[in-house]
Amino acid sequence: MFSWVKQEQGGRNKEGEMYQTVTEGLQTLYTKKLLPLEEQYLFHDFHSPALEPADFQSKPMVLLVGQYSTGKTTFIRYLLEQDFPGMRIGPEPTTDGFIAVMHGENEGVIPGNALVVDPKKPFRKLNAFGNSFLNRFICSQMPNQVLQSISIIDTPGILSGEKQRISRGYDFAEVLRWFGERVDRIILLFDAHKLDISDEFSEAIKAFKGQDDKIRVVLNKADQVDTQQLMRVYGALMWSLGKVINTPEVVRVYLGSFWAKPLQNTENRRLFEAESQDLFRDIQSLPRNAALRKLNDLIKRARLAKVHAYIISHLKKEMPSLFGREKKKEELIMRLPEIYTTLQREHHISPGDFPNVSKMQDMLQHYDFSKFPSLKMKLIESVDKMLASKIAVLMTMIRDEESKLPPPMVSGGAFEGSQEGPFGHGYGEGISAGADAEDWIVAREKHRYDEIFYMLMPVNGKITGVNAKKEMQNSRLPNTVLGKIWKLADRDNDGMLDDEEFALAQHLIKIKLEGYELPTELPHHLVPPSHRKDPTADAMYNHSED
């Protein structure tokens with residue numbers, strides 16, 4: 001996966017260890033520094049299974065979560081532009097299990113029990129969820145250009161009601177939490193007609209706590225409502241999400257209709273195109289940011305492992321040597337919030353680094369505190385040293401490689417050519433309007449601009465900057481924008497504008513007022529004919545005037 005981060009010299013830390021790739025560096029640091037601390041203090045029993053080589057070497061993964069019939073499977077089909085093995089689409093709850101859609105030379109399906117024993121796949125630790133889950137987990141392999149860069153995880157449609165929550169046979173929220181810790185992007189899909197968040201969906205979203213930076217929200221099937229209804233639907237969705245996702249930041253919501261069928265309401269077509277391109281760019285950037293994401297997740301894991309070690313060792317220290325162990329255990333579990341506060345002060349730990357109190361109290365009920373290990377500062381110091389110095393080596397490697405190699409982008413499927421040709425977003429609009437026309441596009445409105453120009457009393461065919469400023473300020477655009485327009489329009493840099501330059505300035509003002517961005521350099525098709533180097537330009541302009 002990290003072929004783009006290889007370098008001939010590698011990265012050397014202060015102890016002389018050599019990392020040829022970021023993947024190798026992450027794996028080495030985890031195995032030598034963090035894993036001993038996790039094993040010593042039972043981190044894997046309380047929080048998350050140990051990481052394996054496949055976790056570091058896997059391609060970026062995208063997890064799709066949503067209620068039934070919100071278009072999760074159709075969304076994958078839309079991105080890949082072809083069916084994948086095991087795919088079922090319908091208005092009823094069709095996807096009844098987890099499907100990992102991955103690249104493979106031969107098309108086929110690998111069942112869950114075979115999948116979790118494959119050391120090349122990052123799913124071995126899912127074995128802990130038992131046969132009830134593994135019977136509903138498959139890997140769909142197929143040769144597809146999109147899947148050469150990313151893998152996609154399709155999940156069962158979330159239903160409402162108690163029956164569905166208890167009949168799955170496995171802990172659905174815990175499975176999602178496992179995936180949430182390992183994927184690069186979590187996409188929550190909503191239907192414009194299904195904005196209610198059921199109890200199970202709420203639990204699923206809460207399972208992604210701590211992964212807020214990975215979450216994106218897609219309001220699918222937005223073409224099925226008109227503009228006024230869409231505004232209300234968007235407001236209702238944000239209100240519903242605000243009660244579940246407890247963050248001060250507003251979640252990014254993408255609006256659109258992600259399937260290859262005609263839009264039912266075309267009045268928001270331009271908005272949907274812009275939103276889909278934003279989402280595509282976000283997904284396309286995943287391979288480039290995959291190393292940073294894994295580095296970030298390793299740092300979060302290390303901080304949690306340190307805190308966990310402090311908690312376990314503190315409980316061990318408080319236990320009596322002989323009598324009253326059970327009573328003391330119950331007392332310590334009840335006092336766990338106070339213990340958190342004590343450890344925060346002693347070790348200068350942020351409250352956000354501590355695990356959930358209620359969940360920790362429930363899990364501690366099943367352990368004998370007297371058998372917990374005492375605090376070994378050598379292990380803690382090793383992790384601290386890793387965070388303080390050795391992570392910086394990998395950060396440098398990532399930056400160096402990004403400067404040397406062009407970042408890979410997800411290509412193929414719906415991503416192929418989405419920015420090219422006449423159907424690319426923004427083609428023929430704003431600053432690019434008239435790019436493929438034979439005449440100068442400004443000439444179409446020049447007669448109107450000329451009336452204003454001659455009212456400003458030109459001298460020798462030109463108006464001064466003072467007169468032009470008064471007229472341009474009528475647009476009410478900021479001086480910073482008008483200054484940029486002046487710089488683009490004054491082609492000969494003489495501080496004055498002739499009739500063509502003035503018409504160009506008015507055209508750029510119009511473009512900006514319509515909501516489009518201005519270029520840093522004027523495109524060739526907007527250069528006034530008399531200021532072009534091509535001698536045939538004047539003839540073309542004069543012909544269009546006639």
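Reply: The largest nonpolar core has 48 residues, and Phe98, Phe123, Phe179, Leu188 and Leu219 touch the most other members. A nonpolar core here is a set of buried Ala, Val, Leu, Ile, Met, Phe, Trp, Tyr and Cys residues joined through side-chain atoms within 4.5 Å. Buried means under 20% relative accessible area, exposed over 50%, partly exposed in between (1.4 Å probe, protein chains only). Another core, of 45 residues, lies apart from the largest one; Ala305, Ala309, Val383 and Met397 are among its residues.

This is a predicted model: local features need pLDDT of at least 70, side-chain atom pairs count only at pLDDT 80 or more, and totals for chains, interfaces and linings use all residues. Residues are numbered from 1 along each chain as its sequence is written, and side-chain values use heavy atoms, with hydrogens and water left out.

Now Leu219 itself. Leaving out residues up to four places away in sequence, Leu219 touches Phe190, Asp191, Ala192, Leu195, Leu230, Val233, Leu237, Val253, Tyr254, Leu255 and Gly256. Contact means heavy atoms within 4.5 Å.

Next, the whole chain. Of its 546 residues, 49% are buried. Among contacts with a separation of 6 or more, 77% join residues 24 or more positions apart. The protein chain has 21 helices and 12 strands. These are DSSP runs numbered from the N terminus (helices H or I, at least four residues; strands E, at least two). The accessible surface comes to about 27200 Å², and carbon and sulfur atoms hold 50% of that. Accessible areas come from the Shrake-Rupley method with a 1.4 Å probe; for residues, only the protein chains shown count as cover.
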